[in-house]
Amino acid sequence: MRNKVNSLLKRGLKVVGDGMLLNIIQSELRHEISNPRFLGVETGKLGSFELDWDSPGNRDVVLRRRFDSGEEVVVSALLQQEPIDDDADDIAFPRGAVAKVCISKPSLSSVLQFDCRVLETGRGSSDFEIERAFYIRSLCGSSPNGGDFFSTLDLRLQDALKQYLTSKGISEGLTNYILCHLNKKEQEQYVNWLRKLESTVSHSLKQ
């Protein structure tokens, strides 16, 4: 969304004094509404997770899964800053995502945290990669142990940790959901911003 905003403002500033800014904003708004980018894309599935936090004004989303044993898996995710190459024809979403997966057990005060990257591998398919892993002794001010060492682990151990997360519900259906939901959310925020900008500029021209 940031690239779209910057591009729109650059075009608008060139003509801000001659009354054409409103036309540019309205043209952009019509284009976004008449060309919904994510129609027909794979929306994914929450599976056993629940949507725990999803404020319209925020960029992130929090998903939670509770097991009968009391174990909890919490996933917080947001879009990565850098967009994906728009020339990639087999990619539906302009941005990948970053996610933190935290796993806690009722009998332990410690938490396992995995920093992951969620990426689209093709239209209708996605995957996740573990970038860092932490062991947090306590949520009450304890410093995490671990981090960037993950890439140096034996490949079999890396695969085993990924399978561990998969067994906790971090499936392709969930990664598809994260990518679709967050990219759609950003698009909706951009359209809402355009509407507010249109209203502001239109009002100022009437004064």
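The residues lining the largest cavity divide into nine nonpolar, one polar and no charged, where Ala, Val, Leu, Ile, Met, Phe, Trp, Tyr, Cys and Pro count as nonpolar, Asp, Glu, Lys and Arg as charged, and the others, Gly among them, as polar. The structure is a predicted model, in which local features need pLDDT of at least 70 and side-chain atom pairs count only at pLDDT 80 or more, while totals for chains, interfaces and linings use all residues. Residues are numbered from 1 along each chain as its sequence is written, and side-chain values use heavy atoms, with hydrogens and water left out.

The lining itself is made up of Val 75, Ala 99, Val 101, Cys 116, Val 118, Phe 128, Ile 170, Leu 174, Thr 175 and Ile 178. A cavity is here a set of points, on a 1 Å grid over the protein atoms alone, where a 1.4 Å probe fits but cannot get out, and lining residues have an atom within 4 Å of a point. A search of the whole structure finds one cavity of 30 Å³ or more, and the volume of the largest cavity is about 50 Å³. That volume is the space filled by probe spheres set on the grid points, which are joined across faces, edges and corners. At least two lining residues come from each of strand 4 (97-104), strand 5 (111-122) and helix 4 (172-206). Helix 4 gives the most, with three residues.

These elements belong to a chain with four helices and seven strands, which are DSSP runs numbered from the N terminus (helices H or I, at least four residues; strands E, at least two). From the N terminus on, their order is α-α-β-β-β-β-β-β-β-α-α. The protein chain has 207 residues, of which 39% count as buried; buried means under 20% relative accessible area, exposed over 50%, and partly exposed in between, with a 1.4 Å probe and protein chains only.

Cys 116, one of the lining residues, is buried at 4% relative accessibility. Cys 180 is likewise buried, at 3%. In general, a disulfide is a covalent bond between the sulfur atoms of two cysteines. For Cys 116, the closest cysteine sulfur is in Cys 102, and because the two sulfurs are 9.8 Å apart, they are too far for a bond.

Which residues of helix 2 are buried? They are Leu 22, Ile 24, Ile 25, Glu 28, Leu 29 and Glu 32. These residues lie on the same side of helix 2 because they cover an arc of only 165° around the axis, the arc being that of the directions from the helix axis to the C-beta atoms. An α-helix has 3.6 residues a turn, so residues three or four places apart point the same way. The face turned away from the buried side of helix 2 carries the exposed residues Arg 30 and Ser 34.

Glu 32, which is buried in helix 2, has its C-alpha 9.0 Å from that of Tyr 190, although 158 residues separate them along the chain. Tyr 190 has its place in helix 4 and is buried, with a relative accessible area of 1%. Ile 25, also buried in helix 2, is 174 residues from Ser 199 along the chain, with 10.0 Å between their C-alpha atoms. Ser 199 is found in helix 4 and is partly exposed, with a relative accessible area of 47%. Gln 26 lies in helix 2 and counts as partly exposed at 23% relative accessibility. Gln 26 and Arg 195 are 169 residues apart in sequence and 8.5 Å apart in space, C-alpha to C-alpha.

Notes
A disulfide is a pair of cysteine sulfur atoms within 2.5 Å. On a 1 Å grid over the protein atoms alone, a cavity is a set of points where a 1.4 Å probe fits but cannot get out, and a pocket is an open set with protein on both sides within 12 Å along at least five of seven lines; lining residues have an atom within 4 Å of a point.
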